[in-house]
Amino acid sequence: MEQNDNGLFIKQERFEVLAILREICKQRTPLKVVNDQQQFQSLLLSVGPDNIVFSGDEADTTVDGECTIVIESHDAKIEFSVDQAEFTNHQGVNACSTRLPKELVYIQRRRQFRVTTPHWREFLCSGEYADGSEYQLRIHDLSAGGVGLRVDGPLPENLQPGFQFKKALLDFGSYGSFKVNMELVVINEDQELDDDDQLVRFSRLSCRFMKLGLAMERKIQSAVFAFELDFNKKKKS
């Protein structure tokens, strides 16, 4: 059985589990082993029909109980649980051996095109805070998954990770306007050179869209591509 929920798959077919883990082993993608007593970095050394072997140099003398293995690959985040691991020697390397997992949680990374808006285009995000006061922030970049908002000067106290922009209006001029709900994920300090080659520092608010419908996502994606195409034409002209 396989479930799909916003890029999350449960891989339970044995041959598919084997294929995924053998590719991880082939690519020598690092993994993290975690249980109640410890966690350590490791590599898959072997994937057999019924068992897997991973490096154990960083492990304590025992790996008791069930472990969770987390793999961050380029295309996905993969997690699975394994039973008690036994210490062994694999081609002269200290290693841990355990049974092949019955299922994998496979979270596919969404590859979304992102464009940075030039400073001479006043693309704005506006709306109201919960207390009724209004805000208007410049849009620094855009993708179908979210926007980066720019704040010059001190940050308002209420803008912290987890803050939700309800019914925010994203205005991209001739490329369209979109009303969305967004969550502030992270705040980073950024910098750029202005027209006089002076260094300007600002705060960048990374926001993700919340429960964006497929039709709206397609409209925003179309706006992203249309803007990038026009901007590249102007740079070449």
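Trainee: Which rings do the ring pairs link into a cluster?

Mentor: In this predicted model, the cluster joined by ring pairs holds F123, F172, Y175, F178 and F227.

Trainee: Nice. And how many aromatic pairs does the count come to?

Mentor: The count comes to nine aromatic pairs. One of them joins Y129 and F163: the ring centres are 5.9 Å apart and the planes are at 70°, so the pair is edge-to-face.

Trainee: Why edge-to-face for Y129 and F163?

Mentor: Because the planes are at 70°, and an angle over 60 degrees counts as edge-to-face.

Trainee: Got it. Where in the chain do Y129 and F163 sit?

Mentor: Y129 is in the loop between β13 (124-128) and β14 (134-143), while F163 is in the loop between β15 (146-151) and β16 (164-171). The two are 34 residues apart, and their pair links distant parts of the chain.

Trainee: Are Y129 and F163 buried or exposed?

Mentor: Y129 and F163 are both buried. F163 also forms an edge-to-face pair with F165, at 5.0 Å centre to centre with 85° between the planes. F165 is buried, as is F163.

Trainee: Switching to charges over rings: what does K11 sit over?

Mentor: The charged end of K11 sits over the ring of Y106, 5.4 Å from the ring centre.

Trainee: What else does R14 do, say with D50?

Mentor: R14 and D50 form a salt bridge, with 3.5 Å between the closest N and O atoms. R14 lies in helix α1 (residues 14-27) and D50 in the loop between β5 (44-47) and β6 (51-55), so the bridge ties together parts 36 residues apart in sequence.

Trainee: And how accessible are R14 and D50?

Mentor: R14 is partly exposed, at 36% relative accessibility. D50 has a relative accessible area of 55%, so D50 is exposed.

Trainee: How many salt bridges does the count come to?

Mentor: Six salt bridges. Among them is K77 with E79, at 3.3 Å from N to O. K77 is partly exposed, with a relative accessible area of 26%, and E79 is partly exposed at 26% too.

Trainee: What about R204 and D141?

Mentor: Their side chains meet in a salt bridge at 2.8 Å, N to O. R204 is in strand β18 (residues 199-209) and D141 in strand β14, 63 residues apart, so to speak a link between distant parts of the chain.

Trainee: Buried or exposed, R204 and D141?

Mentor: Both R204 and D141 are buried.

Terms used
Residues are numbered from 1 along each chain as its sequence is written. This is a predicted model: local features need pLDDT of at least 70, side-chain atom pairs count only at pLDDT 80 or more; totals for chains, interfaces and linings use all residues. Side-chain values use heavy atoms; hydrogens and water are left out. Rings of Phe, Tyr and Trp (its six-membered ring) pair if their centres lie within 6.5 Å; planes under 30 degrees apart count as stacked, over 60 as edge-to-face and the rest as tilted. Helices (H or I, at least four residues) and strands (E, at least two) are DSSP runs, numbered from the N terminus. Buried means under 20% relative accessible area, exposed over 50%, partly exposed in between (1.4 Å probe, protein chains only). A charge sits over a ring if NZ of Lys or CZ of Arg is within 6 Å of the ring centre and within 35 degrees of the ring normal. A salt bridge is a side-chain nitrogen of Lys or Arg within 4 Å of a carboxyl oxygen of Asp or Glu.
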